[in-house]
Amino acid sequence: MTFVNDFPWLTVLALIPLVGSFVVVLLPKSMPQLAKQVALAISLLVLALTIVIALRFDGSSELPFQFIEYHEWIPAFGITYSLGIDGIGLVLIALSAILVPLTIVAGWNDVEEPNSESVGSVKGYFALILALETLMIGVFAATDVFLFYVCFEAMLIPVYFMIGRYGGPNRSYAAMKFLIYSLLGGLFMLASMIGLFVVSGQITGVGTFNWFQLVGLDIDPTTQKLLFLGFFFAFAIKAPLWPFHTWLPDAASAAKPGTAVLLIGVLDKVGTFGMIRYCLPIFPAASEFYAPLIIGMALVGIFYGAFVALGQNDMKRLFAYSSMSHFGFIVLGIFVFTTIGISGSVVYMVAHGLSTAAIFLTAGFLMQRRRGSSLISDYSGVNKPAPVLAGFFLFAALSSLALPGLVSFIGEFMVLLGTFQRYMWVGGIATLGIVITAAYVLRVYQKSMTGSVSEGLASIKDLGKREISVLVPIAALTIFLGLYPAPVLNVVNPAVETVMSIIGQTDPPPTVGLTSTSSEGTQP
Amino acid sequence: MQELMPATGVFSLLWLLIALPLAGSAILLLGGRMTNKWGPYLAVSTIVIDALLAIWMLVEMMGQGAEERTFNDNIYSWVFAGTFKVDMAFQLDQLSMVFVLLITIVGALIHIYSLGYMSHDPDRRKFFGFLNLFVAAMLLLVLANNYLLMYVGWEGVGLASYLLIGFWQYKPSAAAAAKKAFIINRVGDVGLSLAIMVMFVTFGSVSFEDVFGSTGQASEGTLTAIGLLLLLAACGKSAQFPLQAWLLDAMEGPTPVSALIHAATMVTAGVYLITRSNAIFDAAAWAATAVVVIGVITMFMGAIIGCAKDDIKKSLAGSTMSQIGYMVIAAGLGPVGYVFAIFHLLTHGVFKAGLFLGAGSVMHAMKDNVNMRRYGALRALMVVTFGTFLVCTLSIMGIPPFSGFWSKDSIVHAAFESSNLVGICTVLAAGITGFYMTRMVAMTFYGKARWEDDAHPHESPAVMTIPLIILAIGATFLGMALLFWGNIETWLEPVVGFEEGHVAIPELLLMAITLAVVLIGAAIGWIQYARREVPVTEPHGNLLTRAARAELYGNEINDVLVVHPSFWLSRFLVWFDNAWVDGFVNSSAAAVGGLSGRMRKYQTGFIRSYALSMLGGAILVVVALVLVRLS
């Protein structure tokens, strides 16, 4: 059964940055400026094509997956080259396609030719970003578990080099820790995946890695519980979920701001995306079995991350722990099995990608003005010499604390509501997190941006045109989607309803009155 | 339940009320220096146009039948997933109408006043941008037709408040006060968030129409929970006990901000919330009682703090807490009180704005000194400021026929209808009001001049005094106008309900007793602060005075109960994360593969080869596993 789409949209989309990456690498070393320009042009081309795909995506379609491509790859092992996106994959690809060009522009002057402090070449950095983009599109578009796994693991290579060759003083330790931790998770997933292949062989007679065939399988609960863990462990490390998070602060603080944005803003979402795409539909019984444990870990993570962030003296580490707290919310929303919760988690992923980009890039611009120091105590009164920078910093902070009116609020409130709907007390406790978030976010703003101007900062320049042009689209999207989230919800909701029906969960109805008129898309 | 009318005619412009100041704010904040010159005037004009639009809407609304005054305008579907569906939709009814008028008219006066007050500030463009943002958010708060959209306005006014308290960010005290206000308000937001969640799981909707339409079907326990959560939210925004500690610090902001946000409008949002949710509180007696108790406690706390502070703005802030306490009590009394809560809210909005702007005018004359011990004998030099301040003082004290008399007397009366104890409390607090306001007037305008050497008091320019005069006129006549000409009870009755209760004491006697208590308080204040000399440094004072100066130790209590434990926990977790969680990870890595040894190798430069060999190894494992499983 080889079904060929009219045009291989997703393959083309994924190939463009890969080809671009090779082109950038082949450019002469003496032309770093050209390398940047080519990389930017390629990433903009990807963005344009993504917009075309998004416009062609039919949100009201009955088909959960669109732009399907299907080819045999390694028939002996039931491995297929199959691609397709639902609304969740679409918004995450769109998020990647938006963040990559912004990261390139933001990092325009971040990399210098090899010297005592860094070992990588300029063109290398931008080539790695493009290679990474291919793999990001790959993970979100794959509908074959093996293909997903290949992209999932291959992503480690560019990130490893982006941290290890272009990072800060602690880069080697951080890059190695990131690599080993991720590989460990990947190995468990690999084992589970092979188990899944074997089980699918036992059930249907023909082993497969194809997602569509795996979803319908009636795997017995004991096996599910075992196989689930391998996948979940890999995703929990990637996300990262408490207590598998300690690689993140090291990686984020050693990485360049742009690398940190792609790492936390997009790559970490692969973990939570994987939970929705693989853990829930393939192992519904196991998901339900482990849900209380995972919800507990998510809840601990929300507060643990927030309180540790409150005590940080280093900006980058602070925002890394803050992300860990936010990932607690995302995972929580997924494992309460409500339409609102899962939809909220997806919106949260998009919002978190934007707010992470805003905060890391703004903080990066600031640190550049003080030879890269990320110590909060090195900054005070920045608002005076650089009001525009301080303004964006505050905006990023507000986006991070989920101010109503911004898209992060939509995600966070939906997650909390979806949780509350299923487990009142869990939702109630998680809501308390909004106070601590405000405390650590506003604390860092107060310490660094207000008060008297600290020595050496009085003469710093405010943001330039290039820097502003990076932050404005992020801010505009954050506000626009906060007031009008329909473009995201329209495509995400049907996908979530499909997931809900696959896992056989229904939303708890209101306790009194009002008969609901809208269908939930769930099986009784 | 009122019928929802489609928003046609002028009512189809509801969105414009919000969009105008929002656009003004965006132009000022994003436009940069090129808007420096004309920006402030643009900001003022958006609010003036809003005020005119609001008056037009009022006229149109008065032309409709009493049951046909709720106008609903659905713009688009905002947040939706599963059965959850919230619209971007506005609603104007009699209750939101009076708020819109208060916000736009008082807002316009304060914007105009600020043209003078902020004329020398280098950042005044930003100031007007934030002020416009505030008005937009406040209008959204009162015009939303559902709780979730209201939350956006609710947090928007909080943001504007944060920005404006911290407007002079170079002052560490201002930046700290701003942060404190935001975080304490977040505690209130937890209440609002949870209330919305309970509403959704109970009623399947969070729109006012759906929630109030089906309160009858919900259990009393559920409604009590919603009521208490809404009360928590109200405590945050309206600085009621136990979330009161931010309001006095909020006086760090420029004085027009204190007048508009921290006296006339934003801090009364809690009263709006409770009154708007009357259907819930009517069916949840315990929650309503809790509202009254909180109101009584705060009424006294604020009044006592107001008596002891020498900082004119902080004394007024204590007074604001206390007067909002009155409103909260009235709102907690149920249908006998809702209309009077709003009535007092309106008169208070006018006379308290007048008092703050008057205080600002005095500060302007005294080189921004706020210490009343350094004032004195200003009445002859600042005639207009003195005259308007006096009128507003008589109004807040509840002296007939000034506005505050009618609204406060209505609350006292309503309080006696429900409980003599609450009634007596409101009368006593009125006496304390008499004391602290007399003290303030005496210390500022009477006695001997105790000015700092470089002070050269002068009357403020017309752009500041004209708003003062208009507010003083309101402080005189608004009460009578609303009561006798506007029939505030019948106007609001379709939205909030109204019942007239019975009081054992004859109405006139009650009025006379209240007035007598107020005059006694005023007399004590006069003897202490006008007859005797006011020392320039504060006397040691008795235990109560010292406690009141320390704001009844609200900050210390917060520190001990919440702030210090949070930082201890934070420090502990930072240590735990490094030493244990990460320690475990690193030591197990070292145990398995000798991470530290490999690190050394890595640093010799084999990065690429090493990483690739790791991956290569992983792939080998894959292949091996596949082969083993398949054979």
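**Helix packing in chain A**

Helix α11(A) passes helix α13(A) in a right-handed crossing, a crossing being right-handed if the near helix is turned clockwise from the far one by less than a right angle, and left-handed if anticlockwise. This is a predicted model, in which local features need pLDDT of at least 70 and side-chain atom pairs count only at pLDDT 80 or more, whereas totals for chains, interfaces and linings use all residues. Residues are numbered from 1 along each chain as its sequence is written, while chains are lettered from A and ligands numbered from 1 in the order in which they are written.

- The axes of α11 (residues 257-282) and α13 (residues 315-335) of chain A come within 10 Å and cross at roughly 25 degrees, which makes α11(A) roughly parallel to α13(A) (angles under 35 degrees).
- The contact (C-beta atoms, placed from the backbone, within 7 Å) includes I264(A) and D268(A) of α11(A) and F327(A) and V331(A) of α13(A).

**Hairpin in chain A**

- Strands β1 (residues 66-74) and β2 (residues 79-85) of chain A pair in the antiparallel sense over six bridges, where pairing requires at least two DSSP bridges.
- In this hairpin, which has four residues between the strands, G78(A) takes a positive phi near 65 degrees, and the bridge partner of I74(A) is I79(A) in β2(A).

- N185(B), found in helix α6 (residues 172-203) of chain B, is buried, with 26 other C-beta atoms within 10 Å (20 or more are required).
- N185(B) touches G158(B), G236(B) and K237(B), not counting residues up to four places away in sequence.

Conventions:
Helix = DSSP H or I, 4+ residues; strand = E, 2+ residues; numbered from the N terminus. Buried ≥ 20, exposed ≤ 12 C-beta atoms within 10 Å, placed from the backbone. Contact = placed C-beta atoms within 7 Å. Axes fitted to C-alpha atoms, helices over the stretch in contact; angles between N-to-C directions. Parallel < 35°, antiparallel > 145°, perpendicular 65-115°, else oblique.
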